[in-house]
Amino acid sequence: MKAIILAAGRGSRMRDLTINQPKCFIELHGKRLIDWQLSSLRGAGIKEIAIVTGYKRQMFSEDLRYFVNSNWQNSNILASLLTARDWLEKYSCIISYSDIVYSRDAVKRLKILKDPIGMAYDKNWFSLWSKRFTNPLSDAESFKINSQGLLTDIGRKPKNLKEIEGQFMGLFKIEPIGWQEILSIINEFSFEEKMGMDITTLLRRLLNAGITISAIPIGDSWYEVDSESDLSYYSSLKRLW
């Protein structure tokens with residue numbers, strides 16, 4: 001089992017905080033976001049970790065494997081994921097966004113999944129979104145699962161709370177066979193789609209093509225640090241772990 005942290009973008013919504021450093025270098029409760037991620041991944045028993053870099057990539061000095069999205073300014077997360085295809089073709093990989101903080105338990109829950117493609121989600125999302133946004137629906141995406149724990153809908157702009165049974169965390173797992181399924185769909189995309197697509201849109205396209213995606217709820221709290229107001233709010237709380 002390996003892990004890949006997607007850290008190519010600048011995170012412009014963080015404004016001045018990312019002028020001179022990557023977004024994942026921002027500190028929360030005395031640790032950089034990247035250090036929170038590395039700690040949880042290693043705490044869950046994952047020893048081999050790669051980082052997809054782009055913006056300010058020369059600042060990364062950890063003794064890890066690196067993939068580079070050299071077109072980070074003109075691309076989205078799918079493009080960053082594609083730079084790590086060498087690992088995805090051969091190994092089971094946990095993939096993490098670089099602006100989230102989560103526990104080792106969340107990683108362990110994903111590790112035990114045997115399905116080709118799996119993802120972690122927060123079924124208690126409304127409590128967190130209510131703290132982060134005046135109107136939680138303004139940022140939330142549709143998210144539905146069936147009785148077997150399989151994803152049935154994700155990534156649409158929801159009309160009401162009934163369309164949301166959780167929120168994707170930015171933490172997921174792909175087995176080599178799952179990567180082949182993903183490639184079978186990605187290969188039909190235009191260059192512009194490959195460069196501009198986010199992960200939830202990709203997941204929705206996979207569902208539309210009949211590809212199965214497992215969803216597992218996390219057992220504890222987590223953070224998504226997407227703005228200065230997020231950072232301010234989380235900084236006012238006690239450390240999660």
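Predicted model: local features only at pLDDT ≥ 70, side-chain atom pairs only at ≥ 80, totals over all residues.

Reader: Which residues of helix α4 are buried?

Author: Helices (H or I, at least four residues) and strands (E, at least two) are DSSP runs, numbered from the N terminus. Buried means under 20% relative accessible area, exposed over 50%, and partly exposed in between, with a 1.4 Å probe and protein chains only. In α4, residues 104-111, the buried ones are A106, V107 and L110. Viewed down the axis of α4, they fall within an arc of 100°, so they line one face of the helix. The arc is that of the directions from the helix axis to the C-beta atoms.

Reader: What covers that face of α4?

Author: Contact means heavy atoms within 4.5 Å. The cover over the buried residues of α4 includes α1 (33-43) and the strands β6 (93-97), β8 (117-122), β11 (167-174) and β12 (214-217). At the start of α4, a side-chain oxygen of S103 comes to within 3.3 Å of the backbone nitrogen of D105. A polar contact is a pair of N or O atoms within 3.5 Å; within protein, one must be able to donate a hydrogen and the other to accept it, and residues adjacent in sequence count only if both atoms are side-chain atoms.

Reader: Where do the buried residues of α6 lie around its axis?

Author: Helix α6, residues 176-186, has G178, W179, I182, L183, I185 and I186 buried. These cover an arc of only 160° around the axis, which puts them on the same side of α6. They pack against α2 (77-82), α3 (85-90), β8, β11, α7 (191-196) and α8 (199-208).

Reader: How do I read the packing of α5 and α9?

Author: Axes are lines fitted to C-alpha atoms, for helices over the stretch in contact, and angles run from 0 to 180 degrees between N-to-C directions. Angles under 35 degrees count as roughly parallel, over 145 as roughly antiparallel, 65 to 115 as roughly perpendicular and the rest as oblique. Helix α5 (residues 125-132) packs with α9 at about 110°, the axes being 10 Å apart. The two helices are therefore roughly perpendicular. On the α5 side L128, K131 and R132 meet D230, Y233 and Y234 of α9.

Reader: Is D230 buried or exposed?

Author: D230, in helix α9 (residues 228-235), is buried, with a relative accessible area of 2%. Leaving out residues up to four places away in sequence, D230 touches R132, E224 and V225. R132 is 98 residues from D230 along the chain, yet their C-alpha atoms are separated by 6.3 Å. L231, also in α9, is buried at 12%. With the same exclusion of sequence neighbours, L231 touches M14, L17, I26, E27, L28 and V225. From M14, L231 is 217 residues apart in sequence and 9.0 Å apart in space, C-alpha to C-alpha.

Reader: What does the side chain of E62 join?

Author: E62 sits in the loop between β4 (48-53) and β5 (65-68) and counts as buried at 17% relative accessibility. A polar contact of 2.6 Å joins the side chains of E62 and R32. E163, in the loop between β10 (151-154) and β11, is buried with a relative accessible area of 17%. The side chain of E163 reaches the backbone nitrogen of K159 at 3.0 Å.

Reader: How many disulfides does the structure hold?

Author: A disulfide is a pair of cysteine sulfur atoms within 2.5 Å. The structure holds zero. The sulfur of C24 has its closest cysteine sulfur in C93, 18 Å away, too far for a bond. C24 is buried at 1% relative accessibility, and C93 is buried at 0%.

Reader: Which value does phi take at R15?

Author: R15 is not a glycine, but its phi is positive, about 55°. R15 lies in the loop between β1 (2-7) and β2 (27-28) and counts as exposed at 57% relative accessibility. K56 also has a positive phi, near 55°, in a residue other than glycine. K56 lies in the loop between β4 and β5 and is partly exposed at 25%.

Methods: Residues numbered from 1 in each chain as written. Heavy atoms only, no water.
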